[in-house]
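Please open the structure in a viewer and keep the selection panel at hand.

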Amino acid sequence: MSVANVMKMVKENDIKFVDFRFTDTRGKEQHVTVPVSHFDESKFTEGHAFDGSSIAGWKGIQASDMQLMPDASTANIDPFMDEPTLILTCDVVDPTDGKGYERDPRSLAKRAEAYLKSTGLGDTAYFGPEPEFFIFDSIQWDVAMNGSSVRINSEEGAWASGEKFEGGNTGHRPGVKGGYFPVPPVDSLHDIRSAMCMTLEAMGVPVEVHHHEVATAGQCEIGTRFSTLTQRADWTQIQKYVILNTAHAYGKTATFMPKPFAGDNGSGMHVHQSVWKDGKNLFAGNGYAGLSEFALYYIGGIIKHAKALNAITNPGTNSYKRLVPHYEAPVKLAYSAKNRSASIRIPFVHSDKGRRVEARFPDPIANPYLAFSALLMAGLDGVQNKIHPGEPATKDLYHLPPEEDAQIPTVCASLEEALSELDKDREFLTKGGVFTNDWIDAYIGLKMEEVNKVRMTPHPVEFGLYYSC
């Protein structure tokens, strides 16, 4: 969409406000709103000033001035605001040089796409994420000096069969690992997901499927179409916004937290990816599962750098409560065509156009701009250095004999370990200036704040383990 078309859209839809949006390092969208009386074509060339020092992990107070540069192609009408509001996704530009700010995730994603072209290896990278999420009725938590608590309320929860509800307990709910995928009334969230899908379609995000996921208590998935790296990250942010706000409109609460409760599956974000050149899928070939040598080397790069990738694709302390061995989590760094216990899967497709690889260890609290860029950089490093991933996994990796289990590498066991691995293995990310050492240092510092906050807070389980010792 051109700038002229955006201005036409404003007029035809009687827009009252324009919302400039950008994504911070942690992956959370931020916004600032201007009345339409203060919006014209100049915003697309001059941008909108804001204080970058107020964004966690960004500029210091001594160098805080930043510009939001709206991308006309992202124009959308917000479906949740009371007053007609136009959304524009923005790049963050450093006014001192007019370039994309090195710590701005969207600018970084564009650098990753530019780097791919500069290598001559390919010209387009396609990504297709599958972020899972939970919808609860309500949630309460408290963290204080004298105690901590959390309580999830869900009529769909397997634990709710003995509870009393207003209007009665219907008894229809999925059991533990029983959510994939019975019809209503056991699946009580069909209509909410359909509403989410209709809104996504209206906002230009093509929906392919929606369904209940494996876990009890409202685990869901909405499958949307693949696209190029930056646009697919934009769509992922729209998808999260729509899911969170539609649930809110229904009087419920949605979360992308990887492991909100124990005893059932957590939420992952399987990321499908492929690299193309001159309209040809470079992942298609005559090798294993129809893959090319290029694709196998790409897999090799992801496996080699997986522990460093974890810091970006699994960026929370909670992420590693999902990535626990022997609990059907994709912790084993292996690849396979049909074996879902491997962390890299090659989905079955009917044509070479659909040939792709699927990284299964990422989770949905990952910043999509950063996660997709990091995966691409790891894969390209594998191609450049001809890193072969070895033989494919044919056995169930969840139930290997101990001696075989020990031979297969795993993802990190904690965020602290992942940050340490990122610190040691960063060169593949800094090629072409896509990620910078300054960004990596700032990111590690930001995430270590989270590690230390959790590390210093006593956990209720610890009282059961140690109170009477």
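**Before starting**

This is a predicted model, in which local features need pLDDT of at least 70, side-chain atom pairs count only at pLDDT 80 or more, and totals for chains, interfaces and linings use all residues. Residues are numbered from 1 along each chain as its sequence is written, and side-chain values use heavy atoms, with hydrogens and water left out.

**Stop 1: a nonpolar patch**

Select Ile 139, Trp 141, Val 143 and Val 150, which make a nonpolar surface patch of about 440 Å². Patch residues have over 30% relative accessible area and no salt bridge; like charges are joined within 9 Å, and nonpolar side chains (Val, Leu, Ile, Met, Phe, Trp, Tyr) within 5 Å. A salt bridge is a side-chain nitrogen of Lys or Arg within 4 Å of a carboxyl oxygen of Asp or Glu. Accessible areas come from the Shrake-Rupley method with a 1.4 Å probe, and for residues only the protein chains shown count as cover.

Now select strand β9, residues 138-144, which gives the most to this patch, with three residues. Helices (H or I, at least four residues) and strands (E, at least two) are DSSP runs, numbered from the N terminus. Ile 139 lies in β9 and is partly exposed, at a relative accessible area of 30%. Buried means under 20% relative accessible area, exposed over 50%, and partly exposed in between (1.4 Å probe, protein chains only).

**Stop 2: helix α8**

Select residues 368-384, the 17 residues of helix α8. From first C-alpha to last, α8 reaches 24 Å, close to the 24 Å expected at 1.5 Å a residue (1.5 Å times one less than the number of residues). Is the helix enclosed or open? Of its 17 residues, 16 are buried, so α8 is largely enclosed by the rest of the structure.

At the start of α8, display Asn 367: one of its side-chain oxygens reaches to within 3.1 Å of the backbone nitrogen of Tyr 369. After the helix, select Lys 386, whose phi is positive, near 50°.

**Stop 3**

How many disulfides does the structure hold? There are zero, a disulfide being a pair of cysteine sulfur atoms within 2.5 Å. Cys 197 is buried at 8% relative accessibility, and Cys 220 is buried at 0%.

**Stop 4: a loop**

Finally, select Ser 341, in the loop between β17 (332-336) and β18 (342-345). Ser 341 is buried, with a relative accessible area of 3%.

Methods. A polar contact is a pair of N or O atoms within 3.5 Å; within protein, one must be able to donate a hydrogen and the other to accept it, and residues adjacent in sequence count only if both atoms are side-chain atoms.
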